[in-house]
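Trainee: I've got a structure open and I'd like to learn how to read its side chains. Can we go through it together?

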Amino acid sequence: MSAFWWILLSVVLVLSPMSMLKPTARQKRLILLRDTARQLGIKVTLTPQLLEPGLKLEGAAYRWLRAADASPMPGYLCLMRKEPERERGGLWQAGWELVKGRRSFLTEEQQKFLSSWLETLPEDVFAVEWGSATLAIWWHERADSVILEKIHTGALALLALNSQPFVAVARA
């Protein structure tokens with residue numbers, strides 16, 4: 001009888017780590033969300049980005065590439081959700097502050113559309129970057145594919161707006 005218990009214990013010890021290999025419900029949801037993003041043409045990265053000393057973006061970045069023939073944006077913007085206990089930059093609108101860049105990089109139309117798009121973003125989006133090559137959101141991925149598709153539609157519309165012409169400043 002004792003041999004039976006030793007065999008049973010051995011089987012349990014061998015099989016129990018296998019149950020840890022199964023993805024959790026959150027991991028399954030993230031897989032579906034990231035697959036949807038790839039199907040929509042969104043590049044997903046998990047690499048942290050240092051904006052300046054003491055300010056790092058960490059989380060998932062979902063990036064939309066600008067069209068190759070689009071006029072270049074004259075600068076780079078980074079907006080972050082405003083935290084009550086911390087002041088990082090100038091206020092963009094209620095709940096968002098401009099951490100890098102200038103409002104003047106955008107046309108009036110782009111500023112208005114960006115402001116309305118920011119209001120539609122889920123609460124777990126904590127940063128938006130917009131540069132000459134990409135538009136990106138940084139978030140904790142707590143939304144589902146339906147919300148991602150709404151974000152995607154807004155991002156494409158935002159990227160479709162014409163940029164201000166880039167004016168090079170001559171230095172003496």
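Trainee: Which residues form a nonpolar patch on the surface?

Mentor: Keep in mind that this is a predicted model. The patch is made up of Ile7, Val11, Val14, Leu15, Met18 and Leu21, and together they have about 620 Å² of accessible area.

Trainee: Is Leu21 buried or exposed?

Mentor: Exposed counts as over 50% relative accessible area. Leu21 has 70% relative accessibility, so it's exposed. You'll find Leu21 in the loop between helix H1 (2–19) and helix H2 (25–40).

Trainee: Okay, on to rings. What describes a pair of aromatic rings?

Mentor: Two things: the distance of the centres and the angle of the planes.

Trainee: And how many aromatic pairs does the structure hold?

Mentor: Two. Take Phe4 and Trp5: their ring centres are 5.2 Å apart and the planes sit at 70°, so this pair is edge-to-face. The cut-off you need there is over 60 degrees. Phe4 itself is partly exposed, at 46% relative accessible area.

Trainee: What about the rings of Tyr62 and Trp139?

Mentor: Their centres are 5.2 Å apart with planes at 85°, so that pair is edge-to-face. Tyr62 belongs to strand E4 (residues 60–65) and Trp139 to strand E9 (residues 134–139), so the pair ties together parts 77 residues apart in sequence.

Trainee: Are Tyr62 and Trp139 buried or exposed?

Mentor: Both are buried.

Trainee: One last thing: which ring does the charged end of Arg103 sit over?

Mentor: That's the ring of Trp92, with the charged end of Arg103 lying 4.0 Å from the ring's centre.

Notes: Residues numbered from 1 in each chain as written. Predicted model: local features only at pLDDT ≥ 70, side-chain atom pairs only at ≥ 80, totals over all residues. Heavy atoms only, no water. Phe/Tyr/Trp six-rings, centres within 6.5 Å; stacked < 30°, edge-to-face > 60°. Buried < 20%, exposed > 50% of the residue type's maximum accessible area, 1.4 Å probe, protein only. Helix = DSSP H or I, 4+ residues; strand = E, 2+ residues; numbered from the N terminus. Lys NZ or Arg CZ within 6 Å of the ring centre and 35° of its normal. Patch = residues over 30% accessible without salt bridge, like charges linked within 9 Å, V, L, I, M, F, W, Y side chains within 5 Å. Areas by Shrake-Rupley, 256 points an atom, 1.4 Å probe, with all protein chains shown as cover. Salt bridge = Lys/Arg side-chain N within 4 Å of Asp/Glu carboxyl O.
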